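The model is shown first.

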Amino acid sequence: MTERSALDTARLHCRSLQEALDGLRVNGLPLIADWGGHLASVLTGGGRLLAAGNGGSAAQAQHLTAELVGRYRGERRAFSALALHAETSSVTAIGNDYGFDQVYARQVVAHGRPGDVLALLSTSGRSANLIAAAVAGRRAGLRVWALTGPGPNPLAEAAHEALCVDAGSTATVQETHLVAVHLLCESFDATVSTPLARRAAAVPGSMP
């Protein structure tokens, strides 16, 4: 690849990302704000977030859980969030005994409780193990959210709600998902910083 063609490729990548972010700003912000508020209600009330993805989307899911267990910006208490793909012994045991399609669904049944949130990230929206997890989550009474690439797709249809990024490349979808994850954390933090949420968080098992 020549220097000029490499530069053209980089410009095209940036243009694709800008278009995806424009779409997120126009179509996705209200949903993300709703998710942040709902997640704050669940986690301050003693609930849990479960998250999963494959490949790069697994890294995005684990990024989300790390921001909640640790912190995003300001200092606050820790909240319960698990990245299911990071449970390596469970993933390999379940994959070996039940098949790769069940590596997340079985963990959802084990760790999820009614009212918890399950966030599933997929650039294609067609990963069988994530679709199985969505089905298991809904059956177990969890609220299921999907972050995917262009819709419609099977994972978006299996979830209660979905944020579908209209982009043509896997890289652009993943980069936009990272922005969505940060926006979700910002909305979450803004909600838990309110006086009502702080009072609820101080009382175990209470809901704002």
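Contact here means heavy atoms within 4.5 Å. The structure is a predicted model. By that contact criterion, Asp 189 touches Tyr 72, Arg 73 and Arg 76, leaving aside residues up to four places away in sequence. Asp 189 is found in helix H8. Its relative accessible area is 13%, and because buried means under 20%, Asp 189 counts as buried.

The sheet is open and has 5 strands in the order S2-S1-S3-S4-S5, with parallel pairing. At its edges lie strand S2 (81-83) and strand S5 (161-164), each of which pairs on one side only. On average, neighbouring strands of this sheet are turned by 15° against each other, direction ignored.

Within the sheet, strand S3 (residues 117-122) pairs with strand S4 (residues 143-148) in the parallel sense, over 6 bridges. In this pair, Leu 121 stands opposite Leu 147 in S4.

| Helix | Residues | Strands touched | Angle of directions |
|---|---|---|---|
| H2 | residues 29-44 | S1 (49-53), S3, S4 and S5 | about 135° with S5 |
| H8 | residues 170-192 | S3, S4 and S5 | about 135° with S4 |

Terms used: Residues are numbered from 1 along each chain as its sequence is written. This is a predicted model: local features need pLDDT of at least 70, side-chain atom pairs count only at pLDDT 80 or more; totals for chains, interfaces and linings use all residues. Side-chain values use heavy atoms; hydrogens and water are left out. Two strands pair if DSSP finds at least two bridges between them. Helices (H or I, at least four residues) and strands (E, at least two) are DSSP runs, numbered from the N terminus. Axes are lines fitted to C-alpha atoms, for helices over the stretch in contact, and angles run from 0 to 180 degrees between N-to-C directions. Buried means under 20% relative accessible area, exposed over 50%, partly exposed in between (1.4 Å probe, protein chains only).
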